[in-house]
Amino acid sequence: MTTDTDWFKRVQQLHLPAVLPVNSLPQADAPLGEWMDVIREDPLLTIHLFRFANKMLASHDVSVRTLDQAVSLLGNNRLVELTTKVPRIAENTPSEKGLLRVIGDSLLAASLMRQWFEIRRIPWTEADYWMTLFYDIGLWVCWLLEPEKMETIENRVREGENREHLIEQFMGVNTRDWNLKLCNYFQLPVLPDEDTIAQSGAHLQPFKKSALKFFLPFSHELSFAVRQDWNSDAMKTLCRTGETSLGLPDFYQQLKVWVANAAREFRLHHTATAARHLLAQQPSVSTSHDCGGFSESDLAAANKIAAAAIERSKSEQKSIWDITDESLPSISEIDLGTDTSFTDSNEWPILNKPTRRLSVDLDAQKEIRRQFRNRKTWHSALEIQESALFGLRKGLRLSRIVTMEAEGGFWQVFDSDGCKTSPLLRRLKFPMHSSEFITQLSKKVTTLWVNDSNREKADRLLPPPLMMAAGGEGFFLRSFAIGSDITMLLYADAFEQSDYLNEIDYQLFRDYCADWNVALNKMRS
């Protein structure tokens, strides 16, 4: 019978490979931040960095818990040397294919954890991310050592057997004990026990520790179930558990949004293929008329994700900024008879000769804009606001509209329209300085358009609560100024409409908002 010791001896003799090819790494003189963005998506390569950095700290009573700490400790030269010397996994082998699948599961689990913690307003750190990612490292090692056996186990799981039971039966060891032993061997972050917390003097809030204990195994089990079969009994059981634990009666429906967010989160196809294909791989979603909560746009996005994974990873990403971030001109400088929209500084994403959406009513939006220019039309800022929102709905035919105000260092919703079935948008709140771009919006009048061509970058650079609330929808975001102060943030999309937002919609939106902002300032003067 195989024992824990037998397996561990094999691990000690294992030359742990990296997944990313050497030619996918940045140039040697590239900034450390660029290296970290790439390495973050190869957990096996990261293991080497954690382990080496911790060896450097062997004489100190501390350990590395994040990639940022490891990279800072190693420095640029040692980092480049280490990452290029690590052996690479042989491509198109059973080990590689299975390994990518389970790494994809772990990447999805880490993304789900982050999104759930944000929903429950529990602090989430980079150390939490790595602890979640390495939670199932035992499965990765099994795929490296016994790919054929693991493939057989996955086939038996598809027939209804329990994966954990099959693996423990095969290995002769408890899976959780095995994972913990591997994490300790490779010197990786784990959920600390009571003794560890007491000895280190660290403090882990009881509610956060309880959440980690529950959601760590749950997130990995759910990620595996998503990859196996979206409509399985196991999936439905897990979703019911999620409904109870998160207090979300629409957990099953929301899961498609969380999975899509995760699939877009990872740029490099070498480790993200499994995550990106999670939606597209579901036969019940791709071919059935009953799509289990997936809309037509979800299916189209899934197909697009599956088809474009490699191409997107090789192409340069466009900026999510589509116009200059010029401040609003002062009142005295504005000629109400001229176009006050801003000038482009970056090329717009090309969407193949867009045409105006048929639902857009140009006459309605032009009438509102004409009234914006006539100061005698308005008696209060509230009237301007109400008419402006009417024009967005009836003229520009935008579906979900959210206006946010600054309050205590946060942007938070004070009015919404069309969001009855979108609670995350109705309750949207995020720090004014949660990212470089939001800081930009909070300081200067700026407009941006998130769409399929720049969504990957937006997912990384915009606040997760905002991207999660959008639910994969393209949207416009615009800040408004009264005088020199930014006082309002506007979100708008075309949710559940047959046509996607395009450049024409964006131009109309920019011009409309420019006139709207001028009218607000005129009312103030």
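Student: Which residues have the most contacts inside the largest nonpolar core?
Tutor: Those are Ile-47, Leu-99, Ile-137, Trp-140 and Trp-178, in a core of 61 residues. By nonpolar core I mean a set of buried Ala, Val, Leu, Ile, Met, Phe, Trp, Tyr and Cys residues joined through side-chain atoms within 4.5 Å. Bear in mind that this is a predicted model, where local features need pLDDT of at least 70 and side-chain atom pairs count only at pLDDT 80 or more, while totals for chains, interfaces and linings use all residues. Residues are numbered from 1 along each chain as its sequence is written, and side-chain values use heavy atoms, with hydrogens and water left out.
Student: OK, which helix gives the most to that core?
Tutor: Helix H7, residues 137–145, with eight residues. Helices here are DSSP runs of H or I with at least four residues, strands are runs of E with at least two, and both are numbered from the N terminus.
Student: And why does the core lie between domain 1 and domain 2?
Tutor: Because domain 1 (18–85) and domain 2 (94–280) both give residues to the core. The domain bounds come from an automatic or database domain assignment.
Student: Switching to charges: how many salt bridges does the structure hold?
Tutor: There are 14, a salt bridge being a side-chain nitrogen of Lys or Arg within 4 Å of a carboxyl oxygen of Asp or Glu. One of them joins the side chains of Lys-208 and Asp-128, at 2.7 Å from N to O. That pair links distant parts of the chain, 80 residues apart: Lys-208 is in helix H12 (residues 206–228) and Asp-128 in helix H6 (residues 126–133).
Student: Are Lys-208 and Asp-128 buried or exposed?
Tutor: Both are buried. Buried means under 20% relative accessible area, exposed is over 50%, and partly exposed is in between, with a 1.4 Å probe and protein chains only.
Student: What about Glu-118, which residue does it meet in a salt bridge?
Tutor: Arg-114, at 3.5 Å from N to O. Glu-118 is partly exposed at 25% relative accessibility, whereas Arg-114 is buried at 16%.
Student: Which residues are linked in a network of salt bridges?
Tutor: Arg-101, Asp-105, Glu-151, Glu-154, Arg-158 and Arg-227.
Student: Back to H5, then. How far apart are Gly-104 and Ser-223 in space?
Tutor: Gly-104, which lies in helix H5, is 8.6 Å from Ser-223, C-alpha to C-alpha, although 119 residues separate them in sequence. Gly-104 is buried, with a relative accessible area of 1%.
Student: Now strands. Which way do the residues of S4 point?
Tutor: Thr-447 and Trp-449 point one way from S4 (residues 447–450), Leu-448 and Val-450 point the other way, and all are buried. S4 runs antiparallel to strand S5 (residues 475–482), with four bridges joining them; strands count as paired if DSSP finds at least two bridges between them. Thr-447 stands opposite Arg-478 in S5.
Student: Last one: which residues make the nonpolar surface patch?
Tutor: Phe-52, Met-56 and Leu-73, covering about 210 Å². Patch residues have over 30% relative accessible area and no salt bridge, with like charges joined within 9 Å and nonpolar side chains (Val, Leu, Ile, Met, Phe, Trp, Tyr) within 5 Å. The areas come from the Shrake-Rupley method with a 1.4 Å probe, and for residues only the protein chains shown count as cover. Phe-52 sits in helix H3 (residues 43–56) and is partly exposed at 32% relative accessible area.
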